[in-house]
Amino acid sequence: MHSELRHLKQKMFLIVSIDTEEDMPNWRPQKTTTTNNILCLPRLQKLFRKYSIAPTYLVNQPVLENDASVNVIRQLAQDEKCEIGAHLHSWNTPPLSEEEEQGQATYLSNQSLARKKEKLKNFTKVFQQKLGFLPTSYRAGRYGFCSQSAMILSELGYTIDSSIAPLMDFGADNGPNFRGHTLQPFWLKTQCHRKLLELPVTIDLVHRFPTQFPELYFQIPDWTKIKGVFHRLNFARLLWLRPTTYTVQEMKQLADHVLTRLQIPVINIMFHSSEICPGASPYNTTEQDVKEFFVRLETIFSYLMPQKKLHSVTLSEFASLCAQDEGLDIFGKKLLYREL
Ligand SMILES: [Zn+2]
């Protein structure tokens, strides 16, 4: 066994993956694209340093094309323990479709195969030109991921995707449906011979009922408000490890559920770079909101790192650890190959 793996066996892993993108104060494409929030990243990186966390910044095209923001990213890549990966908003990554020219927020998964290929290829080229290396980790904007994207990413040399939002169905907005997915990582089965790991964002329904319960839960229409009652009574909660919308208590509950009850030794916290800058996202509009966000972040980090003793790795580091013996050393069983 590889000596590094021998050391990491029995360990549990923390991944922090950040969609590092333009300012979106109303969560919609803006007429004029700005990337001011990127200037706030050094403040966030300071917190990561304090907890020995190596984050993965998944950067998109507007961030790379702005001199001030790409310089921040270059500095992080050069000076800090972190990974710079790729994030793609279809609506601002050329070539644009007609609806994208008109300012619509779209999903890459809904574009033609030819356009998907062109966008991903062009973007990867821009990434390399601006930063001097190729990205190996990826998350699609709005979770717009599909089997064609997986194949193209493999061909371009990416080793890990983290676009699946388990149990979420974005169908009402014409987006993908991940209801049948769990947070268990797997190898994406593609036509390409290269390995591509899927590490979903950590989301699960934490409940006190028999295992078939989720099927019933997702049939309950939202208008009945029954799901809200389940949540309040702590009978069943659909939780994300996302410090924006969830309390520290909820995030701890989900982390314990994943690590202890499901015995999945990896958790993947996600948020957006814009959330750490007042007014750059709809969530944290004032400095006070941002301060509170940092407190939640720090509280969950201090729970997961010193207390639970998780080991922080970047997305691509995690993929290469899994590749060594198909995941056997980390999960105690080989990870499955699955089609999307
Ligand atoms: Zn995004």
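**Legends to the close-up views**

View 1. Val59 has Ala86 as its bridge partner in E3, in what is a predicted model, where local features need pLDDT of at least 70, side-chain atom pairs count only at pLDDT 80 or more, and totals for chains, interfaces and linings use all residues. Residues are numbered from 1 along each chain as its sequence is written. Four bridges in the parallel sense pair strand E2 (residues 56-59) with E3, pairing being defined as at least two bridges found by DSSP between two strands. E3 is also joined by three bridges to strand E4 (residues 137-140), and these two strands run parallel; here Ala86 stands opposite Tyr138 in E4. Strands (E, at least two residues) and helices (H or I, at least four) are DSSP runs, numbered from the N terminus.

**View 2. The two faces of strand E3.** In a regular strand the side chains alternate between the two faces of the sheet. Glu83, Gly85 and His87 point one way from E3, whereas Ile84, Ala86 and Leu88 point the other way, and all are buried. A residue is called buried if 20 or more other C-beta atoms lie within 10 Å of its own, exposed if 12 or fewer do, and partly exposed in between, with C-beta atoms placed from the backbone. Because six of the six residues of E3 (residues 83-88) are buried, the strand is largely enclosed by the rest of the structure.

**View 3. Phe318 in the largest nonpolar core.** The largest nonpolar core holds 80 residues, and those with the most contacts inside it are Ile15 and Phe318; such a core is a set of buried Ala, Val, Leu, Ile, Met, Phe, Trp, Tyr and Cys residues joined through C-beta atoms within 7 Å. Leaving aside residues up to four places away in sequence, Phe318 touches Phe13, Ile15, Ile160, Leu199, Val266 and Val313, a contact requiring C-beta atoms, placed from the backbone, that lie within 7 Å.

**View 4. Gln75 in helix H4.** Gln75 is found in helix H4 (residues 67-79), and it counts as partly exposed because it has 13 C-beta neighbours inside 10 Å. Gln75 and Asn268 are 193 residues apart along the chain, and their C-alpha atoms are separated by 24 Å.

**View 5. The chain around these sites.** The secondary structure of the chain comes to 13 helices and 12 strands. Along its principal axes the C-alpha trace spans about 50 × 50 × 40 Å, and buried residues make up 42% of the 340 residues in the chain.

Note on methods: Contact = placed C-beta atoms within 7 Å.
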